[in-house]
Amino acid sequence: MLLVAGPWFGERVGRWEIGWTALSIAGVGILIAGASSSPEWSPQGDGLALLGVFLFTGYFLASKRIRESVATVAYMAGVNIAAAIVVTPVALVHGLEVSALSGGDWARILTVVFTSGVGAHMLVNWAHPYVKVSVSSVIVLLTPVVATMGAWVVLDESLTALQLLGGGVTLAAIVAVTRRYRSPGADVAETAALPEPTGAGS
């Protein structure tokens, strides 16, 4: 994100942002290292997660660019329709039997759809015109911290001291970056007064 923030979006990224971003990434690395001793860990899972990082980075940057001219609702409608077109055949080929899904299964599916799939992505994409990508990309690093805590509470997964340390480092770095961005003297490359882009379906 930091590599393209300047050339693509005209953002000035200084040593402060680079330093704290590096620290936040290190915190996530510590969190991942701490999980390697747990029974739920697998190298294949880490590999797929790493692939997901690169794919999500592309989506994140493309979304910020597209949101310069397309309204949030219109953009999210296009994203979800495209996702359905791509994923549905894959699910059917791999033997998904919709009739075998229980009421509880549908409740969990709809929870994912309206919290992460629609709610979270819509909020992030709405914020793109108002927040520097060098800041929003650091805030997104909170995801593995929250997911780790959620897995501990909801899925009864183990939680190590090293994971707690990594989560704490990441959280401290996120706070440092966002506090500087919100301070009156901060160099904000984007203006919060930008109007919501208009487009079909807005």
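**Note on the predicted helical chain**

1. From the N terminus on, the elements of the chain run α-α-α-α-α-α-α-α, and the secondary structure comes to eight helices and zero strands; helices (H or I, at least four residues) and strands (E, at least two) are DSSP runs, numbered from the N terminus. This is a predicted model, in which local features need pLDDT of at least 70 and side-chain atom pairs count only at pLDDT 80 or more, while totals for chains, interfaces and linings use all residues. Residues are numbered from 1 along each chain as its sequence is written, and side-chain values use heavy atoms, with hydrogens and water left out.

2. Of the 202 residues in the chain, 25% are buried, where buried means under 20% relative accessible area, exposed over 50% and partly exposed in between (1.4 Å probe, protein chains only). Among contacts between residues at least 6 apart in sequence, 85% join residues at least 24 apart, a contact being heavy atoms within 4.5 Å.

3. Helix α5 has 25 residues and reaches 34 Å from its first C-alpha to its last, close to the 36 Å expected at 1.5 Å a residue; the expected span is 1.5 Å times one less than the number of residues. Helix α5 also bends by about 30° at V113, the bend being the angle between axes fitted to the seven residues ending there and the seven starting there.

4. The axes of helix α3 (residues 43-66) and helix α5 (residues 103-127) come within 9 Å and cross at roughly 50°, which makes α3 oblique to α5. Angles under 35 degrees count as roughly parallel, over 145 as roughly antiparallel, 65 to 115 as roughly perpendicular and the rest as oblique; the axes are lines fitted to C-alpha atoms, for helices over the stretch in contact, with angles running from 0 to 180 degrees between N-to-C directions.

5. On the α3 side this contact is made by F56, Y59, F60 and S63, and on the α5 side by H121, V124 and N125. These residues divide into four nonpolar, three polar and no charged.

6. V118 is also found in helix α5 and, at 24% relative accessibility, counts as partly exposed. The C-alpha atoms of V118 and N80 are separated by 8.3 Å, although these residues are 38 apart along the chain.

7. G14 lies in the loop between α1 (2-9) and α2 (15-35), and its 27% relative accessibility likewise places G14 in the partly exposed class. The C-alpha atoms of G14 and L2, 12 residues apart along the chain, are separated by 9.9 Å.

How values were computed:
Ala, Val, Leu, Ile, Met, Phe, Trp, Tyr, Cys and Pro count as nonpolar, Asp, Glu, Lys and Arg as charged, and the others, Gly among them, as polar.
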